[in-house]
Amino acid sequence: MMATRRTFFKVLGAGAAWALSPATKLGSMPTMPDGNIDFAVVRGPDAAAAVKKAVSMLGGMEKFIDKGDVVFVKPNISWDRKPEQAATTNPIVVETVVSLVLAAGAKKVIVADNTCNDARRSYKRSGIREAAEKAGAEVPYMEARKFIKKDLGGEVLKQWEVYREAEDADKIINLPVAKHHGLSNVTLSMKNLMGLIGGRRDLLHQKLPECIVDLTAYFKPDLTILDAVRILKANGPQGSTLKDVVRMDTIAASTDPVKIDAFGISLFTDAGFDNDLALFPHISLAEKKGLGTSDFGGAGYQEIKLG
């Protein structure tokens, strides 16, 4: 029987490689590493070129994908919004990642999300369905019958319904969009994983930071690429007016979801966000659980500008 992604991680004891490094403030000054990059930031107006460069800086998609892999790509497709509204992941980012994954030898790429608005409208209006299919991915709607109850072993999420195709995939690539959120202040990589579960997700809002950390520990994305081509700085997660959208032309990539989220928060400073980590409790909770470090500007960081 083919090993699923979950059994693979159980055998290797995955998660041990993610370092625990306490930090209390964001905004460390970037340093130029002498190799072995694990956090890449690319700024430039060409989103596809920025994604390709960021992945290349980490060692190329072949570093993350084995030939014959089934890969689950998780963008944010939650809302019936156009790409310009920055409530969903930029379709160019999704298309580029799917192309890179298939070029690296993946057997199949699945792109899906458990949407909040009607899935058919959200998939179409976001532009993600068309872009992902154009690149060669399968883009199914998450049918209720495909959610299965699993023991997540979390602090809060003991058992919950997870999407079977994400559970069974060999690799997961997380593609969040950077945006404001009324409950958690921001939605970045870790909260994006809420779209891999079913059930009454509104029941999780009382302990949202703990829940999204539990999901991150369970799913352990193999690679996260943050879409900050545009960021929604207010009235998230759905967005309201284009006046709340800021063009950032930024892509960040890493295997460390805590670094990605810490960096993403720093992008919101001009929208009045304080960088104090106490305002974003999921960061410190994830660090304590050993899922990564908020010191995104430390060793292994490299930032470049294209165009």
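Predicted model: local features only at pLDDT ≥ 70, side-chain atom pairs only at ≥ 80, totals over all residues.

Me: How many salt bridges does a search of the whole structure find?
Reply: Side chains of opposite charge can pair when their charged atoms come close. The search covers the whole structure, and the count is 15.

Me: Lys 259 and Asp 38 meet in a salt bridge. How many residues apart in sequence are the parts that the pair ties together?
Reply: The N to O distance is 3.0 Å. Lys 259 lies in helix α9, residues 257-266. Asp 38 sits in the loop between α1 (5-12) and β1 (39-43), so the pair ties together parts separated in sequence by 221 residues.

Me: Is Lys 259 buried or exposed?
Reply: Buried means under 20% relative accessible area. Lys 259 has 4% relative accessibility, so Lys 259 counts as buried.

Me: Which residue forms a salt bridge with Lys 171, and where does that partner lie?
Reply: The closest N and O atoms are 3.3 Å apart, and the partner is Asp 66. Lys 171 is in strand β6 (residues 171-175), 105 residues away from Asp 66. Asp 66 lies in the loop between α2 (47-57) and β2 (70-75).

Me: Which helix holds both Arg 129 and Glu 133?
Reply: These two form a salt bridge, with the closest N and O atoms 3.1 Å apart. They are four residues apart, about one turn of the helix. That helix spans residues 128-135 and is α5.

Notes. Residues numbered from 1 in each chain as written. Heavy atoms only, no water. Salt bridge = Lys/Arg side-chain N within 4 Å of Asp/Glu carboxyl O. Helix = DSSP H or I, 4+ residues; strand = E, 2+ residues; numbered from the N terminus. Buried < 20%, exposed > 50% of the residue type's maximum accessible area, 1.4 Å probe, protein only.
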